[in-house]
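User: Can you walk me through some side-chain contacts in this one? I have the viewer open.

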Amino acid sequence: MSVTHADVVKIAALARLELAEEELERLTSELNGILGHVDQLTSLDLAETSDLTPQIRSPLPATRAASVEEPDALTRPLGSFAPDWRENFFVVPPPPGVHREEPE
C-alpha cells in the first residue's frame, strides 16, 4: 500500500494544514516509508518464530488472585463517585475567594 501526492494533499486539507510543495513531497515519502515498514511487519510469521508464542495463542495470566480482585468501579452509579450529588449533577464547591448563597 502507498499514498500518492494527491492523497497527502487531501489529508492535509482534512486536517486543515497549509503545507508547502516541498513539505507535501517530504510527507508523501515519509508516509510511504512508514507503510512499507508496516507491510514488512504484517508479512512476518511471528507464531512460529517468536518466544512469545504461548502468549499470542492464549491470554496472559492474571497478576492477582481472583479473591483479591475488586469489582469495576465504573459499573457503580455516577453519584457514588461524587462528594456531593444533587438532582443528577455533581455539586462542585466554589473556587477559593468566591462566596455563594445557599438556596433556602
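User: What does the side chain of Thr28 reach?
Analyst: The backbone oxygen of Leu24, at 2.7 Å. That is a polar contact (N or O atoms within 3.5 Å; within protein, one must be able to donate a hydrogen and the other to accept it, and residues adjacent in sequence count only if both atoms are side-chain atoms). This is a predicted model, where local features need pLDDT of at least 70, side-chain atom pairs count only at pLDDT 80 or more, and totals for chains, interfaces and linings use all residues. Residues are numbered from 1 along each chain as its sequence is written, and side-chain values use heavy atoms, with hydrogens and water left out.

User: Is Thr28 buried or exposed?
Analyst: Thr28 is buried, at a relative accessible area of 12%. Buried means under 20%, exposed over 50%, and partly exposed in between, with a 1.4 Å probe and protein chains only.

User: Which residues does Thr28 touch, leaving out those up to four places away in sequence?
Analyst: Val3, Thr4, His5 and Val8. A contact is heavy atoms within 4.5 Å. Thr28 itself is in helix H2; helices (H or I, at least four residues) and strands (E, at least two) are DSSP runs numbered from the N terminus.

User: Switching to charges. How many salt bridges?
Analyst: Two, counting a side-chain nitrogen of Lys or Arg within 4 Å of a carboxyl oxygen of Asp or Glu. Glu30 pairs with Arg26, with the closest N and O atoms 3.2 Å apart. Asp84 and Arg86 form a salt bridge at 2.6 Å, N to O.

User: Where do Glu30 and Arg26 sit relative to each other?
Analyst: They are four residues apart in helix H2 (residues 21-42), so about one helical turn separates them. Glu30 is partly exposed at 39% relative accessible area, and Arg26 is partly exposed at 43%.

User: And how accessible are Asp84 and Arg86?
Analyst: Asp84 is partly exposed at 27%. Arg86 is partly exposed too, at 42%.

User: How many aromatic pairs?
Analyst: One. Trp85 and Phe90 pair edge-to-face, 4.9 Å centre to centre with 80 degrees between the planes. The rule takes rings of Phe, Tyr and Trp (its six-membered ring) with centres within 6.5 Å; planes under 30 degrees apart are stacked, over 60 edge-to-face, and the rest tilted. Trp85 is partly exposed at 31% relative accessibility, as is Phe90 at 44%.

User: Which ring does the charged end of Arg76 sit over?
Analyst: The ring of Phe81, 4.6 Å from its centre. To count, NZ of Lys or CZ of Arg must be within 6 Å of the ring centre and within 35 degrees of the ring normal.

User: Backbone next. What is phi for Arg16 and Asn88?
Analyst: Arg16 is near 55 degrees and Asn88 about 65 degrees. Most residues other than glycine have a negative phi.

User: Where are those two?
Analyst: Arg16 is in the loop between helix H1 (5-14) and H2, exposed at 79%. Asn88 lies in the loop between strand E1 (85-86) and strand E2 (89-90) and is exposed at 61% relative accessibility.

User: Last one: what pattern does the protein chain follow?
Analyst: Along the sequence, α-α-α-α-β-β, from four helices and two strands. Of the 104 residues in the protein chain, 9% are buried.
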